[in-house]
Amino acid sequence: LTMTLVGTHLAPSAGLTGPRLTELVEDLTTGCARAVRAHTLDEQEEMRIAATRAQLRAEQALRAKEAEFQHLASHDPVTGLPNRAAFTLHLAGRLAQGRGDRLAVCCLDVDRFNAVNDTLGYLAGDRLLAAIADRLRALAAPAGCAAARLPGAQLKPLIGTGARPGTTPGAGAPASPPLPPPFHPARGATT
């Protein structure tokens, strides 16, 4: 279309004929082709950059999902504590270190937990377990210990490296320090 306009309208009015017209049309054609090529290359580069960014976002989302799935596979969904599989791996790792340090595992059970579920509902029971887990983490972390939740309401703090005789409760002895303040699962708050 541009070449037709130059050849039929612009060239005669400008006095362009013969070789000068041919040269002008060739220059115009070359310029248009270069502009189209440059525009196409710019668009291709923009598409390549957009595709690279999309691929990076997809890879990041995939890594985040993989980490989330790994966490879900190794942690209790109610308490966020490591589950039996993660606890077993952690315990095996600690035992494999074989440094001669003492290691203790305390088993805690929530008394009358079924009564909480039966009378107040499962949501209240879940809130109670989550609150106990938070308190166990707060007690265990400063001492370099870990806690896990096994099936049911059973919680297992792992007392780790450096544990000395007398620093862990004996079988059947109450956990020390206690887990106050009281928790009211129906309200989800402590008093």
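Me: Among contacts between residues at least 6 apart in sequence, what share joins residues at least 24 apart?
Reply: This is a predicted model in which local features need pLDDT of at least 70, side-chain atom pairs count only at pLDDT 80 or more, and totals for chains, interfaces and linings use all residues. Residues are numbered from 1 along each chain as its sequence is written, and side-chain values use heavy atoms, with hydrogens and water left out. A contact means heavy atoms within 4.5 Å. For pairs at least 6 apart in the protein, the share that joins residues at least 24 apart is 61%.

Me: In what order do the elements run from the N terminus?
Reply: Helices (H or I, at least four residues) and strands (E, at least two) are DSSP runs, numbered from the N terminus. The protein has five helices and five strands. Their order is α-α-α-β-α-α-β-β-β-β.

Me: Is Cys145 buried or exposed?
Reply: Buried means under 20% relative accessible area, exposed over 50%, and partly exposed in between (1.4 Å probe, protein chains only). Cys32, at 32%, is partly exposed. Cys145 has a relative accessible area of 17%, so Cys145 is buried.
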